[in-house]
Amino acid sequence: VIEPCIEENITVTKDTVLNFKVLDATPGVWHYLGLGNETVISIAVHPNNPDIMYVGTSFDFSAGHMGKLFKTTNGGRSWDTLMVGQPLFFFLDIVIDPIHPETMYTIPLPVLKSTNGGSTWFDISNGIRIDWETRASSIVIDPSNTNILYVGTGGFYGGRFYKSTDGGENWRDISRDSLHDGVINIAIDPNNSNILYAGTPWRGILWKTTDAGETWFRTGLGETSSMIDAVAIDPFNSNRVYASVRFMGFYVSSDEGVNWLRESISDSIGSVTSIKILKSIPNNIYIAGVGCFVQKHYNGPWIEFNNGLTNKFIMTMTSDAQEKYLLIGVNNYYTRTGGIYVRKIRN
């Protein structure tokens, strides 16, 4: 059992944030943005307007909650429910086209697409094997060509890896024999989109391609026999890659995945679930875990960054496009409360 990080004598402000003015007035403090009855597992921020955000939540049978997709257009002052899922629906991921932000994708079980900012959705899973045992588990957009999408699927009997070059109209299985366990996490090199890393569950292998998915080979992590929970590539140095292996540690490679070293981080973080490396400022990496939340400057110590998120289990993390604000989705397994929080990290 992983215990959450607990920091005493620090209070999270409950001010509703509108246009992030509260954040500008009180930086360095986590602010509550609502959805406290929901387990927030995915967040996406509009690339041109940080007051527009989308949030995906998980179902909870014991609490009587279905997974939902929410949208705010006023920085969290109010939330609209865009979609209510069926049983077993998790809105695991939300991605927005950075060039055409009215186009977006989410994966509650199939792969869904909207071209009008989430007002209507249609299923684009044709060509992807989806059933109650096999679901879409990860999705990314190629930043150099937003018509190119990658989707990983997974389930009890494994999964596959798919690629579309026409915005999801058609899909091609690029798994080969390498990725038949399924793909739980995907990372695209921001400096060369032909390079991708794909992490699997079950055997826990981190695979790599240098030709946009035509061929795959194992990285030096080998077969970990645990889930690859998160993968990230340093935008300032693509040789540096980070990977989290559930219950086994947080690893860094400085040679494009050939050799790996385990990072020394607090045991209280549990398994690292999210990694955020700033593209705007070198030497800043944030990691979030089931137990607590920390930050590190390269070549410096890991620093706890909770500041009042008492008993919160961090499920997901992202930032706005300008990287002024960090957002996290949380859950509290003790009180069954959750929500979304935001903190200003730079001017």
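I take a pocket, on a 1 Å grid over the protein atoms alone, as an open set of points where a 1.4 Å probe fits, with protein on both sides within 12 Å along at least five of seven lines; lining residues have an atom within 4 Å of a point.

The model is predicted, so local features need pLDDT of at least 70, side-chain atom pairs count only at pLDDT 80 or more, and totals for chains, interfaces and linings use all residues. Residues are numbered from 1 along each chain as its sequence is written, and side-chain values use heavy atoms, without hydrogens and water.

**Pocket**

I looked up the second largest pocket. Its lining has 18 residues, with Gly249, Arg262, Ile265, Asp267 and Gly270 nearest the centre. Strand 19 (241-245) and strand 20 each give two or more residues to this lining. Strands here are DSSP runs of E, at least two residues, numbered from the N terminus.

**Core**

I then turned to the largest nonpolar core, which has 16 residues. Such a core joins buried Ala, Val, Leu, Ile, Met, Phe, Trp, Tyr and Cys through side-chain atoms within 4.5 Å. Buried means under 20% relative accessible area (1.4 Å probe, protein chains only). Tyr242 and Phe250 are among those with the most contacts inside this core. Strand 22 (272-277) is one of the strands that supply at least two residues. Strand 22 gives the most, three residues.

**Strand 11**

Why is strand 11 (residues 149-155) largely enclosed by the rest of the structure? Seven of its seven residues are buried, so strand 11 is largely enclosed. Leu149 and Val151 are among those pointing one way, Tyr150 and Gly152 among those pointing the other.

Notes:
Buried < 20%, exposed > 50% of the residue type's maximum accessible area, 1.4 Å probe, protein only. Helix = DSSP H or I, 4+ residues; strand = E, 2+ residues; numbered from the N terminus.
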